[in-house]
Amino acid sequence: MANSGVQLLGFALAFFGLIGLIASTTMAEWKASSYAGDNIVTAQAMYQGLWKSCVSQSTGQIQCKVYDSLLELPTEVQATRALMITAILLSCISVLVAMVGMRCTTCMAYDKQQKDKVAMGGGILFIIAGLAALVATSWYGNRIAVHFYNPLTPTNARYEFGKALFVGWGSAALTILGGAFLCCNCMGGNTGQARRYPKSAGSPGKDYV
């Protein structure tokens, strides 16, 4: 039988990962202007996210502008948008599926084995969602690093990793870990069940010649 405590732990980790994925996707600081090198103007800081870009003045004033056209965006921004939205949608579906299959709920209580399989399905969806978010954030971070170390990139046009990237990496790890707890717990849930053998139809104690 699956352990309800481990299921709750995995569900909680994956749920917090979902919240982090939503926060990371909506944050405007996926990459921040770099202050490495000489002749860098520190009077303002520039941030770019998946949906808008912002400029922060030294006086504390922040001005943001939403991207005008989707087709004009770089490929990594479009792909990261798609992967992060996919990860969030899969995580939302996983929450519903896992809630049905968890032992602490009354749904499908008449069939424990089927209930464990449903919980495992929710865990698999969580893992897929976490992998999608991990691919998105890692690819975006790789493009930042490539442009940063490119000698042809102007010094004032270089960016570094923003806070949203770190939030996305942590959230993806939580989602994958939570899904793994759900899957491993359900996979080992049926090992202790006793086997049932059919009863013999003959009457005991009687021998026929």
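Predicted model: local features only at pLDDT ≥ 70, side-chain atom pairs only at ≥ 80, totals over all residues.

Residues are numbered from 1 along each chain as its sequence is written, and side-chain values use heavy atoms, leaving out hydrogens and water.

**Exercise 1.** Find which residues the UniProt annotation "transmembrane region" covers.

*Solution.* Step one: the unreviewed UniProt entry puts this annotation on residues 82-102, 123-141 and 161-187. Such annotations may be inferred rather than shown by experiment; their positions use the numbering used here, and feature names are shortened. Step two: check the fold. Residues 82-102 are 95% helix and 0% strand, with the end C-alpha atoms 30 Å apart. Residues 123-141 come out as 100% helix and 0% strand, and there the end C-alpha atoms are 27 Å apart. (Helices are DSSP runs of H or I with at least four residues, strands are E runs of at least two, and both are numbered from the N terminus.)

**Exercise 2.** Work out how Phe11 and Phe15 are arranged as an aromatic pair.

*Solution.* Start with the rule: rings of Phe, Tyr and Trp (its six-membered ring) pair if their centres lie within 6.5 Å; planes under 30 degrees apart are stacked, over 60 edge-to-face, and the rest tilted. The structure holds six such pairs. Phe11 and Phe15 are 6.3 Å centre to centre with 15° between the planes, a stacked pair. Last, accessibility (buried is under 20% relative accessible area, exposed over 50%, partly exposed in between, with a 1.4 Å probe and protein chains only). Phe11 has 16% relative accessibility, so it counts as buried. Phe15 has 35%, so it counts as partly exposed.

**Exercise 3.** Now classify the pair made by Trp30 and Tyr140.

*Solution.* The ring centres of Trp30 and Tyr140 are 5.2 Å apart and their planes are at 70°, so this pair is edge-to-face. Trp30 is in the loop between H1 and strand E1 (31-33), while Tyr140 is in helix H3 (residues 112-149), so the pair ties together parts 110 residues apart in sequence. Both Trp30 and Tyr140 are buried.

**Exercise 4.** Say which residue forms a salt bridge with Asp68.

*Solution.* Look for a side-chain nitrogen of Lys or Arg within 4 Å of a carboxyl oxygen of Asp or Glu. The partner is Lys65, with the closest N and O atoms 2.8 Å apart. A search of the whole structure finds one salt bridge. Asp68, at 68% relative accessibility, counts as exposed, and Lys65, at 47%, counts as partly exposed.
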